[in-house]
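Hello,

The structure we talked about is placed below. My notes follow it.

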Amino acid sequence: MERVKSSMQQVPNAIPKVIRRTGGANSLELEKENFERGQAVSINKAINTQEVAVKEKHARTCILGTHHEKGAHTFWAAVNRLPLSSNAVLCWKFCHVFHKLLRDGHPNVIKDSMRNKADLTDMSRMWGHLSEGYGKLCSIYLKMLITKMEFHIKNPRFPGNLQMSNRQLDEAGENDVNNFFQLTVEMFDYLECELNLFLGVFSSLDMSRSVSVTAAGQCRLAPLIQVILDSSHLYDYTVKLLFKLHSCLPADTLQGHRDRFQEQFKKLKSLFYRSSNLQYFKRLIQIPQLPENPPNFLRASALSEHISPVVVIPAESSSPESEHMAETDDLVDTDVPSLPAPVETKFDDLFGTSAAIDPFNFNSQNGMRKDDKDRLIEQLTREIQALKDELESFRLESGRLCQVLRGRISELEAELAEQSHLRLQALGESEFLKAELDDLRRVREDTEKEQRSLTEIEKKAQANEQRYTKLKEKYTELVQSHADLLRKNAEVTRQVTVARAAQDEVETVRKEMQEKVKTAQEAADRQEREQLEHLQEIQRELVSSRAELDALKSTVASSQQSSEALGTELATLQSEKAELVQSLSKVEAELVAQGQELERVQSSLVTERESGVKTAESLQNQLNEKESREQTLESQLVAARWSSLQGAVEEAEKIIRDSLAQIDDPAHISCTSSADYLASRCQASLDCMDRLHSAREAFMTDSTGVCELLRVVTQCGHLVGDTIVQGSATSHMVPVEQGDALTESVKKCGAEALSLLEQMKQQDDLAAADDSKLKAALEAIHATAEKLRPRGLELQQGELGDLVEQEMAATSAAVESAAARIEEMLNKSRAVDTGVKMEVNERILASCTELMQAIKELVLSSKELQRDIVESGRGAASMKEFYAKNSRWTEGLISASKAVGWGATVMVDAADLVVQGKGKYEELMVCSHEIAASTAQLVAASKVKADKDSSNLRRLQQASRGVTQATAGVVASTKSGKSQIEEKDTMDFSSMTLTQIKRQEMDAQVLVLELETRLQKERERLGELRKKHYELAGAAEGWGESDEGTG
């Protein structure tokens, strides 16, 4: 029986159905009963009160059960019988098993569980009242599970384990940026709940000890495996969605998303690092490490650097199939007669030892014999169940392998992304090399064109060689052309020198051109000198030959007689002459060839010089255009700066003109402000004027510093305009003469400000603009505001404490004086008046005397209560320091004391006039009500800092009630006396006709209407007077010193 009790306690929900054997039992019902029994056993073994981690085999059985029945009805039927609200450990293990079902169970588990959302919410709220232990963790875990269910209901495309491909993730957003935006927000919320559970578990553990090796520590850490799996997927999807959003939306719109991601990234990285160091996780899961820095979403290429975190669950030591088969043996029908031993063993594990006399032994009841057909059916059922279990184990194993393969795929995708990045870099380099190759090809084509043009020039030179016939003519032309070339060379040299001074950018090209020109000139000069030398040598030979010929001619002339003898010599000379002519023709041919070569070189030199001159001219034109553009841009920039300054000055003028216009606006009359706030605005305006002077001088020195001047001008316009408005509002709170003077000062300040801004609008008058007049006007307003500040703000600590004592003493003296005057008036009335008048006066003065006595008692009680307040609140400080520290309360106390003393004095004056017959009874009643209000103010000011249990406070309240009663007595006696003294006219209408009565009735109605109208106007006037009194009293007591003014 002890074993039965212990098993019943371990399984709080009894098996829903007791299997009874009947001859015609349906096998499907038996299978369902066996399934429900097995599920109940596994659920109760997984979810119990022992503080140990949930065993994986029991949780796996629950997961298989959801796939078997395609839902979670059996699970919730068993869980609803568990006392989850009374045991925190039981609730914690339920959350763990439920989390596993949501991740790995049938998809319908989420839909079936939404029916229990309200119960889970109530349970989370209930456990949330505990501040430590499993209660707080259960509240966080339940909130996270509810968030997970809501997420999957809103996004049905996401499976429970959150494993999706990139294509499926794109399909989940339906290519709509709004959907992606909302999905990212929901993922942030989901991940936030996961991180809260992470932090809650770690904060509940004592990390100074090895808690991960204890059973209690493992019970708390076990659910974090599911959290790690969910968090890794959520982090990966969040990164991809944020990159997608940044490609569609502006960066400023997603600033909130980036800030939230940064915060969650830091938490998740820290938690992954702390978890990876725990011994418990090292053998169960391989936790990924996040990168050192979060992704830069502002750079689109950073997506290729992102590596999806992969969580790897190592293979278990024992094969999953064997463990699963051993586990599913518990799910086989326990009443099969062919296997009695397992049946009895399993049944004994649940309900105790089986015996023939045991009432829980159902094996001997209702008969155990079955025919062959039933045995065959049961055998086939067991085989089918075994095949289903084996198939399910294969599915789980395939799921695990798929997860490993997905991790490998993610790694390969990361490598592929890296290779794609390298490919893009290689493509970029290839494009660059192609561009360089194209440039080289263009250079080669230009070189080939130049070579072809050179060949054409050579052909033309060869064709021109045939045009020259005579050496002298060509030589003369060569000399003349050489002289022309020298002049052109001087011209080009001068132009190149000018271009060198203006064009620093073409220095290298020009130097190369000059070197080529110089080399060509030197070659031409050298060839010309050689030709001249050769020609001179030939000329010398020709001259010498001519001289010899002349000598021969003279010899022939002188020796004509011997001509015959010399004939032979003459023939010889003629032959020599022929030789010399031949040599001269040869020399002339050489000169012609050299002249042609020189002409060709000079033509090429001329071509190069012309091209150089054109290049220099084009570069000079480009330089001039660049300088003109720079000058244009500089002038535009200066104009833009000045136009910006003029715009700021005009805006400041508009602000000041608007402020001046508000002074004369009738709607502005109701706006008020304090002198203290006006003084602060004036001081701010004066400080801004100093900065305006400095910024203006800086702008005159360097016109580029216009930004600071723009800011100061705009701020100065706002501050001066605010000073004008606040000065006008303050003038409504002061006497008329001072208000008019302040208004004139404000208008003068506005005029000076407009004059200064008008000077700053002119560029020539900016440096000479004088701001001293505006400063003087602001200082005058500041001085006026200082004079108008309430006196209470200027009191020192000692003066404030002394003033309290003085006012309380003055109040007591005023009450004593009023009581003495009333006694004196009573004596005079007794001596002068008689009859009803004396009776009325005595009754009124007696009630006034009682009121004075009650006020005196109230003042004394207030003094005693103030003494208690000061003694209990000042500590080590003196009484005066206490009053100064609580200056606002002290000023209220002073104001209440003044009101009581003034009310007593006024009431005595009114009573004196009433007794003399010169006053009105209404004045006496109004004074009584005013005294009641003043005493109520004194009581409120006294009790605001008093202890509620103070005896002096109770005495003060009693005295306050006495004053109220005495005030009521004065009003009652006054009304009674008035009714006795005033004569009532008898109304006799007997002698009037109908017309006269009608006339009197109309007159009475007119009088009633006039009196009602006058009464309404007087009530409105009374209301306005009370408002004005409140405003003046507030200004005098400094109530608005912390406000910025109104209007």
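Among contacts in the protein between residues at least 6 apart in sequence, what percentage join residues at least 24 apart? The value is 78%. Please keep in mind that this is a predicted model.

Overall, the protein has 31 helices and zero strands. It has 1047 residues, of which 38% count as buried.

Helix 3

Helix 3 covers residues 56-69. With 14 residues at 1.5 Å each, helix 3 should span 20 Å, and the 20 Å between its end C-alpha atoms agrees with that. After helix 3 comes K70, which has a positive phi, near 60°.

Helices 5 and 8

Helix 5 (residues 88-104) packs against helix 8 (residues 133-154) at an angle of about 20°, and the two axes are 9 Å apart. An angle under 35 degrees counts as roughly parallel, so helix 5 is roughly parallel to helix 8. The crossing of the pair is left-handed. On the helix 5 side, the contact is made by A88, V89, C91, W92, F94, C95, H96, F98, H99, L102 and R103. Helix 8 contributes Y134, G135, L137, C138, Y141, L142, M144, L145, K148 and M149. By class, the residues of this contact are 16 nonpolar, three polar and two charged.

I110 lies in helix 6, residues 108-113. Is I110 buried or exposed? The relative accessible area of I110 is 10%, and the cut-off for buried is under 20%, so I110 is buried. Leaving aside neighbours within four places in sequence, I110 is in contact with L102, M149, H152 and I153. Of these, L102 also belongs to the helix 5 side of the contact described above, and M149 to the helix 8 side. I110 and G71 are 39 residues apart in sequence, with their C-alpha atoms 8.6 Å apart in space.

Helices 10 and 12

Helix 10 (residues 177-204) and helix 12 (residues 224-246) pack with axes 9 Å apart, at an angle of about 150°. Angles over 145 degrees count as roughly antiparallel, so helix 10 and helix 12 are roughly antiparallel to each other. Their crossing is left-handed. The residues of the contact of helix 10 with helix 12 comprise 20 nonpolar, three polar and three charged.

Regards

Technical notes:
Residues are numbered from 1 along each chain as its sequence is written. This is a predicted model: local features need pLDDT of at least 70, side-chain atom pairs count only at pLDDT 80 or more; totals for chains, interfaces and linings use all residues. Side-chain values use heavy atoms; hydrogens and water are left out. Helices (H or I, at least four residues) and strands (E, at least two) are DSSP runs, numbered from the N terminus. The expected span of a helix is 1.5 Å times one less than its number of residues. Axes are lines fitted to C-alpha atoms, for helices over the stretch in contact, and angles run from 0 to 180 degrees between N-to-C directions. Angles under 35 degrees count as roughly parallel, over 145 as roughly antiparallel, 65 to 115 as roughly perpendicular and the rest as oblique. A crossing is left-handed if the near helix is turned anticlockwise from the far one by less than a right angle, and right-handed if clockwise. Ala, Val, Leu, Ile, Met, Phe, Trp, Tyr, Cys and Pro count as nonpolar, Asp, Glu, Lys and Arg as charged, and the others, Gly among them, as polar. Buried means under 20% relative accessible area, exposed over 50%, partly exposed in between (1.4 Å probe, protein chains only). Contact means heavy atoms within 4.5 Å.
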